[in-house]
Amino acid sequence: MTITITAFERSPDGGMGLARDTRVRWALEEVGQPYEVRLVSFRAMKEPAHLALHPFGQIPTYQEGDLALFETGAIVFRIAERHAGLLPKNANARARAITWMFAALNTVEPPILELANAKILESDKPWTQERLPLVEERVRDRLQQLAARLGDADWLDGGFSAGDLMMVSVLLRLKPSGILKGFPNLATYVARGEARPAYKRAFAAQAAVNTRK
Ligand code: GTB
């Protein structure tokens, strides 16, 4: 069955892979599923046809036959449970990998998004310079805890899983800030994710869209 995802017609990051279609592309590449991409403009995302797919008017969405999904957590989980390669067979290991997906989205991503918003959306506010160190500190606290758990392991819990895919995707958003450099094992962990052939294919595919003339 054809899988179709949506992505920005032109991502504001100019092809750095930071928009969330990249993690869905990566999951599909890891499990070897071909997919089609429908590009949407910012205006089209707020129109009824797209809102029927995504109530919050965002990308990415995922369609497979008559199934339509939004939220990258749900989408990556769907891909991981239907195709081998992203979740362990052992039931407890599988539950732990899913736990890491939730941890990435619910515990690690929020302070990272807060930092991105403070830098991008609130940069002109008079209180931003005073607030920024506090927001950065909250990110560092989380990274410190994550770094302590990862230690010198390659992945969060045994072999690479959807939990790592999500965690690396979330951490990648920090790359422009330089904060990751303060956590060498996390920087190496992210680089390990980026070195995966499936990630490279996903990155190249979104870059091809966003760097075209
Ligand atoms: N929780 C949802 C999920 O995980 O699917 C969040 C989806 C989401 O935030 N989508 C963003 C979107 O559609 C694109 S990824 N925004 C448009 C809108 O809300 O109107 C977020 C994003 C956008 C741009 C960059 N960038 O340029 O660096 C990075 C990340």
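E71 lies in the loop between β4 (67-70) and α4 (72-82), where helices (H or I, at least four residues) and strands (E, at least two) are DSSP runs numbered from the N terminus. Although E71 is not a glycine, its phi is positive, about 75°.

A word on the source: this is a predicted model, in which local features need pLDDT of at least 70 and side-chain atom pairs count only at pLDDT 80 or more, while totals for chains, interfaces and linings use all residues. Residues are numbered from 1 along each chain as its sequence is written, and side-chain values use heavy atoms, with hydrogens and water left out.

E71 is also among the closest of the 14 residues that surround the ligand, together with R20, K46, I59 and T72; a residue is near the ligand if one of its heavy atoms lies within 4 Å of it. By class, this shell has seven nonpolar, two polar and five charged residues. Here Ala, Val, Leu, Ile, Met, Phe, Trp, Tyr, Cys and Pro count as nonpolar, Asp, Glu, Lys and Arg as charged, and the others, Gly among them, as polar.

| Residue atom | Ligand atom | Distance |
|---|---|---|
| D13, polar backbone atom | oxygen | 3.0 Å |
| I59, backbone N or O atom | nitrogen | 2.8 Å |
| T72, polar side-chain atom | oxygen | 2.7 Å |

On its own, the ligand has 680 Å² of accessible area, and the protein covers 79% of that; the areas come from the Shrake-Rupley method with a 1.4 Å probe.

I59 has a further feature: its peptide bond to P60 is cis, with omega near 0°. P60 itself is found in the loop between α3 (48-51) and β3 (61-64).

Turning to the rings, the structure holds seven aromatic pairs, meaning rings of Phe, Tyr and Trp (its six-membered ring) with centres within 6.5 Å; planes under 30 degrees apart count as stacked, over 60 as edge-to-face and the rest as tilted. The ring centres of W26 and Y199 are 4.9 Å apart with planes at 75°, so this pair is edge-to-face. Because W26 belongs to helix α1 (residues 21-30) and Y199 to helix α9 (residues 197-210), the pair ties together parts 173 residues apart in sequence.

How values were computed: Polar contact = N/O pair within 3.5 Å; in protein donor to acceptor, adjacent residues only side chain to side chain.
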